[in-house]
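Biologist: Could you walk me through this structure while I have it open? I'll ask as I go along.

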Amino acid sequence: MGRDDVLNEIFRIKQKMVDAQKRLLAATLQQTNPTLYNAMFKHISTRMQPMRFADYHYLIDIYVDKRKRKCIKSSVQSGKTEYMVIDHLTKAEKGLAILYVLPDNDLRNRFVKNRIEKMFTFVPFYRDQMMKATGTSKTVGLKHYGLGTIVYAGSGSPNQFKEIPADAIYADELDQFNFTNYAMAFDRLSSSPHKLITESANPTVSDYGIDEVYQRSDKKFWHLKCPHCNQWQKIDFFTNIVYQDDDGGYMLYDAEWEEGCKRDIKVFCTKCMKPINRLDPDAQWVAEYPHKDISGYQISKLFSPHNTVQEIFEAFSLAQKNQSKLQIFYNSDLGECFEAEGSKLTHEILNRVKGDYIFPKSSEGPCVMGIDVGSSLHVWIDRVWEELEQLIWAGTVREFEDIDELIKRFNVKSFVIDAMPETRKSNELCDKWPMIGKSCRYVEGKTEENMKEKKRAHEIQIDRLQIMDDVMDAFLSKANMLPKNADTILKGALYSQLCRPVRLFIADKDGGGDGRFAYTKGEDHYYHARVYARLARLQLRNFKFRSIKLGGGNGGDANRSATGGNRFAVPANLPPHLKKLWESQLAKMKDGGRPQS
Ligand SMILES: [Zn+2]
């Protein structure tokens, strides 16, 4: 045997030892952490690639995290959905019953077809697990996989959360959920010994959706150690990359960087101000509250090698004069919440429109009424004063017949009732009160101006976003008034339901710049009752003109004001607090255009 042969033999033996070690490691991993094992050895992504943790240091800890409840508040394209996909399939493979929830059925269908079913077809390991499964189901919503089952649900339909037992819930894009329905999902875990919950989303506004869960978690953030001064620090756009100068403009700490200089923008240590490596493989998750039960992660694009700092900085620069773009930057690039002005009603805003009165027992009116239809009827009655609307009764009644009594007691001149879900009963109520009753449907694109009466004489249609904005504006501009005990009446439900809808910018799933605004759905009946009362008010305006032309009308204040004269005069006989409010309202309107807060 020559020298080369000996060397070759040694090399072969060494190689065998490395292979054996690899196999041993894999076998151990398969036992101790099947999710990470599947990710590394079985999974192939939609881009037909295996998982490469070299690019995603921050994901490794999430994969090995064995806490029962986890939340991931994250920028787009962070790898969080890939993790949830691999983890839920691994848990199903071992025999768990999975409930995987997406915002609505449409997104659910696309997710199952484009992602899950494709993997079942193209990835050999997943295909085998499908073949092994005991049951067969061809439906989008139910899959038998390995030893377990997976239900894919849209949070929009309550039926999907009833009666199916589950061991693990996965919630993807939590901020777009219908939380009334989603709340029922947790009951499904009650008889399981596992009770696993993983929630993730691109955040929207603070204390809402994923941020609300993250705030209750141990709040982990990715920390770097400065190689120069050893300071551990959060890597943050506003402390490591930009600062605000005296004029309020943002400047880069990296003063030497300029466009076209052929290197990325540097990231600086907050203590010694020397450059640090944002992709340092020794970076670590550091929890702010390590004793908390929920394991929470916040992920920013700054942790990922797939984005340059320049790209992130450019997105920030372009967003400076545009609230929507700024919201996308915070939510999608930094994984942070963003509060646009007027994105949500708050107790503070509602307290500002309190007047010095409580609900009267009855009213001579003229009043308008809005009715939101659910398991009970949520009613909102406003006394109408020119441009102002004063809440004089709110509450729930059980039967449609109870509405008649309220109409009489408060001299209701116009009402609008939700056309859904009890369309027949809503129609009957309108037929009973043909001169004053309308039913309403939300139809996208119907503006106040082109709000038309459709098919049935009493049905009106309006764009949900527009009319909900209109109600928001009325509160912000103090164009309506609440009683002095508004925060405590109805056991606090009036305030909590008014504060429920959040105006969100929903970015395209593909991460593109386009998207749309929408209000969230949930336990918000009084907000919609207020919307319908607002629409009833707009109907009353038409009604008034008609009745005057016909020589009708009953001589109430609404008619008196509509007969002309100075439309911008303060009406007589107002209680002092209302007079003051009225005057301030007029002062604003004279500044031109719509009243502003
Ligand atoms: Zn330093």
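Biologist: Which residue in β6 is the bridge partner of A171?

Modeller: That partner is E199, and the strands concerned, β5 and β6 (residues 196-201), pair in the parallel sense over 5 bridges. Two strands are said to pair if DSSP finds at least two bridges between them, and the helices (H or I, at least four residues) and strands (E, at least two) are DSSP runs numbered from the N terminus. Bear in mind that this is a predicted model, in which local features need pLDDT of at least 70 and side-chain atom pairs count only at pLDDT 80 or more, whereas totals for chains, interfaces and linings use all residues. Residues are numbered from 1 along each chain as its sequence is written.

Biologist: And which residue has A171 as its bridge partner in β5?

Modeller: That is V101, and 4 bridges join strand β2 (residues 97-102) to β5, the two running parallel.

Biologist: How many residues of β5 are buried?

Modeller: In strand β5 (residues 168-172), 5 of the 5 residues are buried, so the strand is largely enclosed by the rest of the structure. Buried here means that 20 or more other C-beta atoms lie within 10 Å of a residue's own, exposed means 12 or fewer, and partly exposed is in between, with C-beta atoms placed from the backbone. In a regular strand the side chains alternate between the two faces of the sheet. In β5 both faces are covered, with A168, Y170 and D172 buried on one side and I169 and A171 buried on the other.

Biologist: Moving on, what does β18 pair with?

Modeller: Strand β15 (residues 367-373) pairs with β18 in the parallel sense over 5 bridges, and I417 in β18 is the bridge partner of I371. There is also a parallel pairing of β18 with strand β19 (residues 437-442), over 4 bridges, where V416 stands opposite K438 in β19. From β18 the chain crosses through helix α14 (residues 423-432) to β19 in a right-handed β-α-β crossover, meaning that, with the strands pointing away from the viewer, the path from the first strand over the helix to the second runs clockwise. As for burial, 7 of the 7 residues of β18 (residues 412-418) are buried.

Biologist: Is the peptide bond from M420 to P421 cis or trans?

Modeller: That bond is cis, with omega near -5°, and P421 is found in the loop between β18 and α14. Most residues other than glycine have a negative phi, and most peptide bonds are trans.

Biologist: Where are K195 and K491, then, and what is the phi of each?

Modeller: K195 is in the loop between α7 (179-182) and β6, and has a positive phi of about 50° although it is not a glycine. K491 lies in the loop between β22 (480-481) and α16 (493-498), and its phi is near 55°, again a positive value in a residue other than glycine. K195 counts as partly exposed because it has 16 C-beta neighbours inside 10 Å, while K491 is exposed, with 7 other C-beta atoms within 10 Å.

Biologist: Last one: is C226 buried or exposed?

Modeller: C226 counts as buried because it has 20 C-beta neighbours inside 10 Å, and it lies in the loop between β7 (220-225) and β8 (232-234). Leaving aside neighbours within four places in sequence, C226 is in contact with Q231, Q233, C269, K271, C272 and I276. The C-alpha atoms of C226 and K274, which are 48 residues apart along the chain, are separated by 8.3 Å.

Technical notes
Two residues are in contact if their C-beta atoms, placed from the backbone, lie within 7 Å.
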